Amino acid sequence: MPEGMRGDGLRLSYHGVTVVEGAAIALAAGEVTALVGPNGSGKSTLLRCLARLHRPDAGSVDFTDGTGALALSAKEFAKRVTLLAQSRPTPSGVRVRDVVGYGRHPYRGRWRDGDVNGPAKVEWAMEVCGVAAMAERPVDELSGGERQRVWLATCLAQETGILLLDEPTNHLDLRYQVEILDLARDLADDHDVAVGVVLHDLNQAAAIADRVVLLRDGRVMADGEPREVLTSEHLSAAYGIEVLVGTDANTGQLTTCPVGKHSSRRRVPA
Ligand SMILES: Nc1ncnc2c1ncn2[C@@H]1O[C@H](COP(=O)(O)OP(=O)(O)OP(=O)(O)O)[C@@H](O)[C@H]1O
């Protein structure tokens, strides 16, 4: 059954200092939800809370079928939710295929047995992330972008209904940025996956998200469809600089343009 999750009334802190307060966020099956906002606004902490890597001081995290996410066993939770974190330690000397195979851990028995679909899922995940050709190479010998795609393949091999991505386009060249975001969109459209993705590029968020959650200073400032949330008023207030919002003449897509000190010099004369 397709599933989503929601967090409500979340208060999150580090060493007693509250960094997210009263946050609510819903990730629906078949939808891409983008979390945006300035540095330090709490996006990663909120995503990590949904991934059960940061325990809330207050609030709840539930799946749409009513199951409490915080009460599940680690293995059951790992069959439902995966997170592509911002940074991960890279194991040395481990082949790409084996790293992607880590994603199958919730499906394996005590003796690493019982996962009949595992090998096919690992091959599929490597294929869609463009790393099948490097399957035999040690992961610590890859470039930052190649590694990022290996980690994404590991998440996909985990075969969860909920996919959390923290700045997944980091380190990626233009083509793979587009391909990874397209893949996230396809997983939502074709497989009913609920995708929650932290993005700094507001144009990317506008291009792929069904919903955008804008955070500022640890609070949800706006939540809704991209055109409702990504307004000049909201963005200028959130980021503390003027942000123009328009529509791209070629694609019809919403575009955002921060105005810097030298922006006028680059304006094309009418
Ligand atoms: N391990 C930590 N210990 C203490 N404070 C932390 C820790 N991690 C994050 N914080 C603080 O929590 C707040 C929210 O951080 P978080 O990483 O969630 O923000 P973010 O919106 O994801 O930022 P960025 O866009 O810079 O990645 C920040 O003030 C940050 O300094």
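Biologist: Where is Glu159 found?
Modeller: Glu159 sits in the loop between H5 and E6. Keep in mind that this is a predicted model.

Biologist: Buried or exposed, that Glu159?
Modeller: Glu159 counts as buried, because it has 20 C-beta neighbours inside 10 Å, and the cut-off for buried is 20 or more.

Biologist: And what is its phi near?
Modeller: Phi of Glu159 is near 55°, a positive value in a residue that isn't glycine. Most residues other than glycine have a negative phi.

Biologist: What about Arg52, where does that one lie?
Modeller: Arg52 is in the loop between H1 and strand E4 (58–63). Its phi is positive too, near 65°. Arg52 has 17 other C-beta atoms within 10 Å, so it comes out as partly exposed.

Biologist: Switching to the sheet. What's the strand order?
Modeller: It's an open sheet of 6 strands, in the order E5-E6-E7-E3-E8-E9, and the pairing is mixed. Strand E5 (81–84) and strand E9 (219–224) are at the edges; each has a single partner strand, so one side of each has no neighbour in the sheet. From one strand to the next, the twist averages 15°.

Biologist: In which sense do E6 and E7 pair?
Modeller: Strand E6 (residues 162–166) and strand E7 (residues 194–198) pair in the parallel sense, over 5 bridges. Ile162 stands opposite Ala194 in E7.

Biologist: Which strands does helix H6 touch?
Modeller: H6 (residues 174–191) packs on the sheet and touches E3, E6 and E7, with its direction at about 155° to that of E7. Helix H1 (residues 43–50) lies across E3, E5, E6, E7 and E8, and runs at about 150° to E7.

Biologist: Now H4 and H5. At what angle do they pack?
Modeller: Helix H4 (residues 118–128) and helix H5 (residues 144–157) pack at about 140°, with axes 8 Å apart. That makes H4 oblique to H5. The crossing is right-handed.

Biologist: Which residues meet there?
Modeller: From H4 you have Lys121, Val122, Ala125, Met126 and Val128, meeting Ala153, Leu156 and Ala157 in H5. By class, this contact has 7 nonpolar, no polar and 1 charged residues.

Biologist: Last one: where is the place of Ala207?
Modeller: Ala207 is in helix H7 (residues 202–208). Ala207 is buried, because 21 other C-beta atoms lie within 10 Å. Ala207 and Leu181 are 26 residues apart in sequence and 9.1 Å apart in space, C-alpha to C-alpha.

Technical notes: Residues are numbered from 1 along each chain as its sequence is written. This is a predicted model: local features need pLDDT of at least 70, side-chain atom pairs count only at pLDDT 80 or more; totals for chains, interfaces and linings use all residues. Helices (H or I, at least four residues) and strands (E, at least two) are DSSP runs, numbered from the N terminus. A residue is buried if 20 or more other C-beta atoms lie within 10 Å of its own, exposed if 12 or fewer, and partly exposed in between; C-beta atoms are placed from the backbone. Two strands pair if DSSP finds at least two bridges between them. Axes are lines fitted to C-alpha atoms, for helices over the stretch in contact, and angles run from 0 to 180 degrees between N-to-C directions. Two residues are in contact if their C-beta atoms, placed from the backbone, lie within 7 Å. Angles under 35 degrees count as roughly parallel, over 145 as roughly antiparallel, 65 to 115 as roughly perpendicular and the rest as oblique. A crossing is left-handed if the near helix is turned anticlockwise from the far one by less than a right angle, and right-handed if clockwise. Ala, Val, Leu, Ile, Met, Phe, Trp, Tyr, Cys and Pro count as nonpolar, Asp, Glu, Lys and Arg as charged, and the others, Gly among them, as polar.
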